[in-house]
Amino acid sequence: VKRTESVKGIQVHTSGYNVWPNTNEKGKIQSWRARGEIVLESKDFAAASALASKLSDKVAISQISFALSREARDAAEKKLLGQAADAFLARAQAAAQAFGYSSYRVQQLELSGGGSAVPVPRPMMAMAKSSLSSESGYADAPLEAGQVTVTLSVNGTVSLQ
């Protein structure tokens, strides 16, 4: 963790720390074994990749995952809200006309957002020596975010008038 402190734009925390005993054939504890994780979070793929590669000389990279930032999710949901509201109102107007009413009034409205909030894991393969960066001497961990689906639902009850 101390090796990460000088890198800007990356949040670092520890996670998943476990300790268990190693026993001999008679069941007596001979030593202890521990496993922990260092989690790097960043919006800067290049910096995260370089730092993960730098740290890989002392720790194994077991997983890389991606999640949509809160800011990006909020922006996407805000954009979708206008489309969802228009679709809801159009459907309410169509229902009013289909049943012979001239208008409608919204009685109840529910908004819900969703999407892949859970990070998508990307297992890491061994890094080839041929891909070593000449500057740092470390291979940059390959990072590719892929796509995330953001959804927004508008449900409600209308009173036909």
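A nonpolar patch is made of residues with over 30% relative accessible area and no salt bridge, whose nonpolar side chains are joined within 5 Å. In this predicted model, L81, L89, V106, L109 and L111 form such a patch on the surface, and together they have about 400 Å² of accessible area. Two elements, α2 (70-98) and β4 (104-115), each give two or more residues to the patch. The most comes from β4, with three residues. On the helical side, L89 is found in α2. With a relative accessible area of 37%, L89 is partly exposed.

Two helices and six strands make up the secondary structure, and along the sequence they follow the pattern β-β-α-β-α-β-β-β. Of the 161 residues in the chain, 15% are buried. The chain exposes about 11,900 Å², of which carbon and sulfur atoms supply 52%. Among contacts between residues at least 6 apart in sequence, 72% join residues at least 24 apart.

Strand β1 (residues 10-23) pairs with strand β2 (residues 29-42) in the antiparallel sense, over 12 bridges. Within this pairing, P21 stands opposite W32 in β2. Five residues lie between the two strands of the hairpin, where G27 takes a positive phi near 85 degrees.

Another salt bridge brings together the side chains of K43 and E71 (2.9 Å, N to O). Because K43 lies in the loop between β2 and α1 and E71 in helix α2, the pair ties together parts that are 28 residues apart in sequence. K43 is exposed, with a relative accessible area of 62%, whereas E71 counts as partly exposed at 49%.

A salt bridge is also formed by R35 and E37, whose closest N and O atoms are 3.4 Å apart. R35 is partly exposed, with a relative accessible area of 38%, and E37 is partly exposed too, at 32%.

How values were computed:
Residues numbered from 1 in each chain as written. Predicted model: local features only at pLDDT ≥ 70, side-chain atom pairs only at ≥ 80, totals over all residues. Heavy atoms only, no water. Pairing = 2+ DSSP bridges. Helix = DSSP H or I, 4+ residues; strand = E, 2+ residues; numbered from the N terminus. Patch = residues over 30% accessible without salt bridge, like charges linked within 9 Å, V, L, I, M, F, W, Y side chains within 5 Å. Areas by Shrake-Rupley, 256 points an atom, 1.4 Å probe, with all protein chains shown as cover. Salt bridge = Lys/Arg side-chain N within 4 Å of Asp/Glu carboxyl O. Buried < 20%, exposed > 50% of the residue type's maximum accessible area, 1.4 Å probe, protein only. Contact = heavy atoms within 4.5 Å.
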